[in-house]
Amino acid sequence: MGLKMMDKYDAKEELKSLWFLMDAHKRTKLDGAFQRWGGYDLGSGWTLPMGIEYLESLIEGGAFNIIINVDVNRCLMYANEIKCRSSIEYFNQAKKDGWEWVSLDGNNSASFITALLNDAPDVKIRGYGDKKRKRFSEFSEAEQKEVSYVDKVRVVTLREITVQDMCVLFRKLNTSVPLNPQEYRQARWTDLSLFVRDAANGANRQLFKNFIFSKESDLDKRCHEEIVAQLSLKVYDNYISTYIDKPRLDTFYEKTGELSPTVKADIKKILNEVLRMAEGRGPLKRKLSKGRLHNLFDVVQMLTLKQQHSILNPVAFFNWFLTKDAHFIHLSKSVIEAEKEDKSYEYWSKTYSNSQWYKKTRDLFANALAQDLPVLMETGIVCSKKKKTYYTWAQKLELMRKQQGLTRQGDEITYLDLYLGKLEADHMVSIKDGGETTIANGELMYRHENRSKGAHSNEPHFEHQK
């Protein structure tokens, strides 16, 4: 680190033994809010061969990396001095959780050193002229002491830094293994980055493991968080004109610090509905592509948020989606190359980050929903959340029996009048006045009488209304 950086953050540099680093590692927080999930146990940093190569270079005296940690107690004092509320909250929570440091750079190094000294079975290295790689426990006692207490690594401890500056510095420091695009975007202390992290993880990790990814390491690389970020961008932009590709996502993160409560609620609703499907269906043998998962998100958004319907049977609805998806893919097989942009659902799903194509899939599924919604409702898969304001045919027949073939004026009405559409079922107490769509509040009358009554309420007349 440069002198300016050392002065700016009140940095202290020391040489520390590998034993010290192993001991300190368990008290050092790896914060996924802005950092990559790297290290020996996680899949976003070094691979096992990379870690072994580093350890062998370290033993041979050829590793010159620095481990950079943040001192929780000292930074909490600093945050109180400068009255940085977010940093006070952050370091207070870290202290409460038992952390003494927060890792800023060098977690891969520290975690592989820890794995070596803890005798991890797959961490085997050559040391001190050995031709064959071996575990730490297979080293001689003298060699173990040499590795543990004599070999040293430079450790820099930052004692005056805010949580916002930690994010900025983390992005600048991680160049040896470059951050992937979503890791880089997420390395911010903003409402947006925190929301995406929280929305993509927790219970929703199961959604992505069941439907998209086969390996936990894919989630460590924040692939699922990128999908949630894309969904967030579409909802934020109200599905109007946005791309959800890398340049647009980068701009979204740079210019959008916070999402509105309504946008957050809509994103959580979509994810929760798809999670219900994932939990009910279980892991798919043949996973969905990212584009097809976005198609499912869009279908759920149109059905539950735009059309105000509820999904009563999530597994059955997911099966409906898969059936339509398979049908559209089958139709795509007959589309010639020259017409794929205009006619191929399979092509649109593969190029889903382009708004021109994901709008086509939305239109396709909107039409499918319009056609199949009556059946989905009749079979109890979906129901309407809207207040029911119309009487069913069965209710109209019941009202005919209750009124004994007469209107409240004493005029005769017949089943033929009902079949010919001359009669309408009216709310005695109007919807405007809080009337419900029930038999007790219903009444058959001629169409012209209903039009004359308008939105006014009537007094009870028939026995069933009293």
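This is a predicted model: local features need pLDDT of at least 70, side-chain atom pairs count only at pLDDT 80 or more; totals for chains, interfaces and linings use all residues.
On the α13 side, the contact is formed by Glu226, Ala229, Gln230, Ser232, Leu233 and Tyr236. Helix α14 contributes Arg248, Leu249, Phe252 and Tyr253 to this contact. By class, the residues of the contact of α13 with α14 comprise 6 nonpolar, 2 polar and 2 charged.

Aromatic pairs number 19 in the structure. One of them joins Tyr236 and Phe252, whose ring centres are 5.3 Å apart. The planes of these two rings stand at 50°, so the pair is classed as tilted. Since Tyr236 belongs to helix α13 and Phe252 to helix α14, the pair ties together parts that are 16 residues apart in sequence.

A separate feature is the second largest pocket, with a volume of about 280 Å³. This pocket is lined by 13 residues, of which Arg286, Lys287, Arg292, Leu322 and Asp325 are the closest to its centre. The lining consists of 6 nonpolar and 7 charged residues, with no polar residues. Helix α17, which covers residues 314-332, gives the most to the lining of the second largest pocket, supplying 4 residues.

Definitions and conventions: Residues are numbered from 1 along each chain as its sequence is written. Side-chain values use heavy atoms; hydrogens and water are left out. Contact means heavy atoms within 4.5 Å. Helices (H or I, at least four residues) and strands (E, at least two) are DSSP runs, numbered from the N terminus. Ala, Val, Leu, Ile, Met, Phe, Trp, Tyr, Cys and Pro count as nonpolar, Asp, Glu, Lys and Arg as charged, and the others, Gly among them, as polar. On a 1 Å grid over the protein atoms alone, a cavity is a set of points where a 1.4 Å probe fits but cannot get out, and a pocket is an open set with protein on both sides within 12 Å along at least five of seven lines; lining residues have an atom within 4 Å of a point. Grid points are joined across faces, edges and corners, and a volume is the space filled by probe spheres set on the points. Rings of Phe, Tyr and Trp (its six-membered ring) pair if their centres lie within 6.5 Å; planes under 30 degrees apart count as stacked, over 60 as edge-to-face and the rest as tilted.
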